[in-house]
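This report describes selected secondary-structure elements and individual residues of one protein model. The sequence and structure are shown first, and the description follows.

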Amino acid sequence: MKPKIEKIISSILLYAIIATITIGLTRIFICDRFTIKGDSMLPTYYTGKRIWVNKLVMGARLYTDFDFDESVLKCVRMPGLRGLRTGDIAVFNDPYERYGDRIGFIINRVYVKRCVACPGDTLSVTNGFYVNSSGHKTKIPDQYQQVVASMSDSQLRMMGAIYPVYPWVETLGWNIKHMGPLYVPGKGDEIKLDSLSARIYDRLIEYESGEKPSVLDGAVYVNGQMTDSYTFKNDYYFFAGDNVLNSKDSRYIGLVPKDYIVGIAQP
């Protein structure tokens, strides 16, 4: 009798170990679940809703360093079925939560937002409506964009919804009703560097080169070297909440590097 009980216990333990490993591998390579917090994705997702995030589409992100006290994200991405597209909803780590003014990784700080511009796209906000001039539909629901369009600047300021937006250059005068055109850079893209573009892309350049560009007598310097152009090493994305009146997104935190994207949310 005793050997039979031991065999049953051994089988249960074996199945438990296999189940634990299977669940772990599934969460790493295939999909994971996240809970929506807040109203930024209304009317698509309400707070408390649990969503599945597909990691197969873009390819699973695998950490190569598990010291998450460090601010540098070290990872590789598995081959995926396709890239992130304009209109997709994705889960990503907030690149700016750690430092505010430069990119740094925090593993447990994630957002769920809709991608409204991919690498190579040019994005504008015209009277409250997102316009991707590359011809890609942003899929942001009209109802909240129409509310923004119908409200005066003073009304929006009273709601705290029109404070300066990315890239926080006052002379541009960008806000949630009118911003852009903004080019979203991708790997291999070369841009002309001047005093304005250096300010627009300074966090991205610092992320890639280790130092923000500086401007002296009209000339731009990157890592002490004067240059009139810069070639990006990574892909970046612009994310927005469907509830454009109440969403902390790329308008307020900036562009998101590809490595910071966890996966694509399933409808």
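This is a predicted model: local features need pLDDT of at least 70, side-chain atom pairs count only at pLDDT 80 or more; totals for chains, interfaces and linings use all residues.

The buried positions are Asp202, Arg203, Leu204, Ile205, Glu206 and Glu208.

Glycine 210 follows H5, and its phi is positive, near 95 degrees.

## Strand E17 and its partners

Strand E17, residues 261-265, is mostly covered, with five of its five residues buried. Strand E2 (residues 50-54) pairs with E17 in the antiparallel sense over two bridges. Within this pairing, asparagine 54 of E2 stands opposite isoleucine 264 in E17.

Strand E5 (residues 89-93) also runs antiparallel to E17, and three bridges join the two strands. Here phenylalanine 92 stands opposite isoleucine 261 in E17.

## The three-stranded sheet

Strands E8, E7 and E9 form an open sheet in the order E8-E7-E9, and the pairing is antiparallel. Strand E8 (129-132) and strand E9 (178-183) are the edge strands, each pairing on one side only. From one strand to the next, the twist averages 15 degrees.

Strand E7 comprises residues 122-126 and is joined to E8 by four bridges, with the two strands running antiparallel. Threonine 126 has phenylalanine 129 in E8 as its bridge partner.

## Two buried loop residues

Valine 57 lies in the loop between E2 and strand E3 (61-63). Its relative accessibility is 10%, and valine 57 therefore counts as buried, the cut-off being under 20%. Beyond residues up to four places away in sequence, valine 57 touches Gly80, Leu81, Arg82 and Ile264. One of these contacts, Ile264, is the E17 residue that stands opposite asparagine 54. The C-alpha atoms of valine 57 and methionine 78 are separated by 10.0 Å, and these residues are 21 residues apart along the chain.

Serine 40 is placed in the loop between strand E1 (31-35) and E2. At 13% relative accessibility, serine 40 also counts as buried. Its side chain makes a polar contact with the side chain of lysine 113, at 2.8 Å. Apart from residues up to four places away in sequence, serine 40 touches Val112, Lys113, Gly241, Asp242, Asn243, Asn246 and Ser247.

## Cysteines

A disulfide is a covalent bond between the sulfur atoms of two cysteines. A search of the whole structure finds zero disulfides. Cysteine 115 is accordingly in no disulfide, and the nearest cysteine sulfur, belonging to cysteine 118, is 3.6 Å away.

Are the cysteines at positions 75 and 115 buried or exposed? Cysteine 115 has 0% relative accessibility and counts as buried. Cysteine 75, at 16% relative accessibility, counts as buried as well.

Definitions and conventions: Residues are numbered from 1 along each chain as its sequence is written. Side-chain values use heavy atoms; hydrogens and water are left out. Two strands pair if DSSP finds at least two bridges between them. Axes are lines fitted to C-alpha atoms, for helices over the stretch in contact, and angles run from 0 to 180 degrees between N-to-C directions. Buried means under 20% relative accessible area, exposed over 50%, partly exposed in between (1.4 Å probe, protein chains only). Contact means heavy atoms within 4.5 Å. A polar contact is a pair of N or O atoms within 3.5 Å; within protein, one must be able to donate a hydrogen and the other to accept it, and residues adjacent in sequence count only if both atoms are side-chain atoms. A disulfide is a pair of cysteine sulfur atoms within 2.5 Å.
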